[in-house]
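Please open the model in your viewer and keep the selection tool at hand. The tour stops at one helix pair and then at a sheet.

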Amino acid sequence: MQPFSLSPAPLTPETYRSALADRAAGGYASFEGRVRDHNEGRRVVRLEYEAFEELAVKEGERIVAEAMARYGVRRAACVHRVGGLDVGELAVWVGVAGTHRDEAFAACRYIIDEVKHRVPVWKLEHYSDGDSGWVACERCAAHEPGSPHAHEGDGSQSRHEVPDRAAFVHDYSRQVVLPEVGPGGQARLAAAAVLVVGAGGLGVPVLQYLAAAGVGRLVIVDGDRVEPSNLHRQPLYGVADVGRPKVEVAAERLEALNVDVTVEPRAVHATPDNVDALVRSCDLVVECTDNFRAKFLVSDAVVRAGKPAVFASVHQYEGQLQVYRPLPHWPCLRCLWPEAPRDGMVGNCAEAGVLGPVPATLGALEAMAALRRLLGLDAGDAPSLVMVDLSSLETRRIGARRDPRCDHDRPGGAPGLEADEMDLELEFATLTQALESGLELVDIRESWERAHDPPGLQIPTHVPLSELVKGHVEFPADGRYLIVCAHGVRSLSLVEHLRTQGRTGVHSLRGGLAVLRS
Amino acid sequence: MIVEVRYFAVLRERAGLAAESVETAVGTAAELYDELAARHAFDLPRTLLRVAVNEEFADWSHRLSPGDRIVFIPPVAGG
């Protein structure tokens with residue numbers, strides 16, 4: 001059958017199910033979406049689906065192909081109704097056949113979610129009072145009657161009221177649709193904790209974009225209060241906030257922006273006494289202060305802790321951006337500036353002046369670098385200092401190397417493994433490579449799955465996921481582990497779960513044993 | 001020889017220009033900075049700056065060649 005089709009006739013799930021029949025598929029999952037008798041507190045009696053057919057089919061086919069590639073399922077298809085439907089009628093059908101149930105469930109869920117978000121299908125609802133209205137917003141349909149989120153049709157325009165915070169689901173569709181992000185990338189962001197040092201001109205865009213992107217935990221460190229002279233370049237704050245601690249106002253605004261994000265405001269400056277604990281509590285540090293003392297303090301702390309960090313500074317119309325990664329060849333701030341300058345020597349925003357878009361641009365670049373690091377998209381980047389001139393719009397990338405004279409304590413790290421502690425997934429081509437990584441392999445598959453392993457692909461350490469879930473066994477407390485399962489789906493979930501418990505040094509084998517075998 | 005020099009931040013302000021072609025007889029990046037510091041009255045000590053030659057950070061002892069693109073980079077702290 002076609003991977004995705006639109007049907008003007010009633011859907012026939014039995015036919016579709018038999019079309020997906022596959023003797024090698026041990027799991028079949030299906031979703032059926034039906035016309036509900038109410039929406040937004042109004043009685044729905046009938047509805048009509050209208051699709052932009054050409055685009056809808058193309059986009060639908062793309063989604064099914066994505067699901068098959070992402071979850072490694074054997075067959076998948078989706079059929080969406082168009083035309084008039086009565087209450088209770090089948091509106092959309094998704095079916096997936098996979099080797100195991102995990103992939104089948106995940107792929108089925110992925111397809112229906114993406115179809116609802118991305119396929120251009122509009123719904124005209126007819127209500128019991130004779131009225132009707134177009135609904136193109138998938139989120140609206142998910143709300144129960146009485147929810148404050150409503151389309152109040154006045155004939156000319158619809159109005160979105162502020163959604164109930166608890167009921168609102170933050171919509172990441174526009175970034176998840178990027179092939180490099182996807183649901184896996186979104187899960188990485190949700191599992192990440194970022195320390196932002198400084199909530200001023202650089203920190204404001206960093207905080208806004210990281211919160212909006214769904215970074216799970218943001219720790220904000222800044223001991224300053226909002227001053228009138230800040231507002232021209234820190235528009236997260238308003239006139240009414242003058243005098244209040246910046247971190248307190250920022251936390252309010254960011255929580256209003258995205259309820260998924262846990263914001264931890266710390267109304268203190270980074271000091272030698274607190275910086276190490278702050279840095280260790282997060283996966284990544286974004287340095288946004290306006291002084292050398294803090295920048296070098298943070299640089300030294302990330303080097304000691306082995307955490308990646310993003311640095312930026314601005315001067316009038318220019319800015320500099322530097323990313324630090326805890327890799328053996330990577331330069332830290334002191335490698336670039338062996339003689340730490342004293343504050344006041346080269347001017348800061350107060351002394352030299354600055355236009356708002358300059359720190360805003362550099363802050364946005366820092367947020368971009370942070371997201372690329374969290375998503376693992378910067379693996380091929382070479383260390384450099386990027387200089388941006390906002391007057392001429394010239395950018396210049398200066399290649400940088402670690403200074404062998406730089407005497408900073410470098411973190412140990414397993415030999416041969418160039419992976420950050422925070423990488424959720426690691427890729428290996430062969431079992432030998434994985435075994436040589438310095439990580440201990442832990443097989444979380446069930447015993448019956450291991451029974452068929454060829455002799456050369458047996459992993460001695462076995463902690464079945466079912467036993468872990470039931471609490472019969474504990475995951476080993478110390479050490480660095482590469483968790484493996486059949487396709488890398490269960491292992492990734494376990495790693496994400498362990499990370500939420502503050503555990504580092506655990507990674508998932510991307511693609512699972514299936515990849516190693518092929 | 002002629003080299004292409006670019007200035008950033010406080011050096012740009014002090015020199016009053018962002019870039020210039022410089023005819024010079026000096027041998028190293030350090031000597032070039034000292035020569036230009038005298039001409040433009042730069043007061044930042046060289047030890048605080050970094051120099052990049054042809055888009056790579058270089059040592060001050062780096063020997064210059066005709067046509068090299070040289071950038072003097074002061075540290076920047078604003079945020």
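Which residues in H7(A) meet H13(A)? Select A:Pro205, A:Val206, A:Tyr209, A:Leu210 and A:Ala213 in H7(A). In H13(A), the residues they meet include A:Pro359, A:Gly363, A:Glu366 and A:Leu371 (contact means heavy atoms within 4.5 Å). The residues of this contact are 11 nonpolar, one polar and one charged (Ala, Val, Leu, Ile, Met, Phe, Trp, Tyr, Cys and Pro count as nonpolar, Asp, Glu, Lys and Arg as charged, and the others, Gly among them, as polar).

This is a predicted model: local features need pLDDT of at least 70, side-chain atom pairs count only at pLDDT 80 or more, and totals for chains, interfaces and linings use all residues. Residues are numbered from 1 along each chain as written, chains are lettered from A and ligands numbered from 1 in written order, and side-chain values use heavy atoms, without hydrogens and water.

Now show helix H7 (residues 203-213) and helix H13 (residues 357-374) of chain A whole: they pack at about 35°, with axes 8 Å apart. Helices (H or I, at least four residues) and strands (E, at least two) are DSSP runs, numbered from the N terminus. Axes are lines fitted to C-alpha atoms, for helices over the stretch in contact, and angles run from 0 to 180 degrees between N-to-C directions.

Next, select the open sheet of four strands in chain A, ordered E1-E5-E7-E2 with mixed pairing (strands pair if DSSP finds at least two bridges between them). Strands E1 (4-7) and E2 (27-34) of chain A are at the edges with a single partner strand each, so one side of each has no neighbour in the sheet. E1(A) pairs with E5 (residues 75-81) of chain A in the parallel sense over four bridges; A:Phe4 has A:Cys78 as its bridge partner in E5(A).
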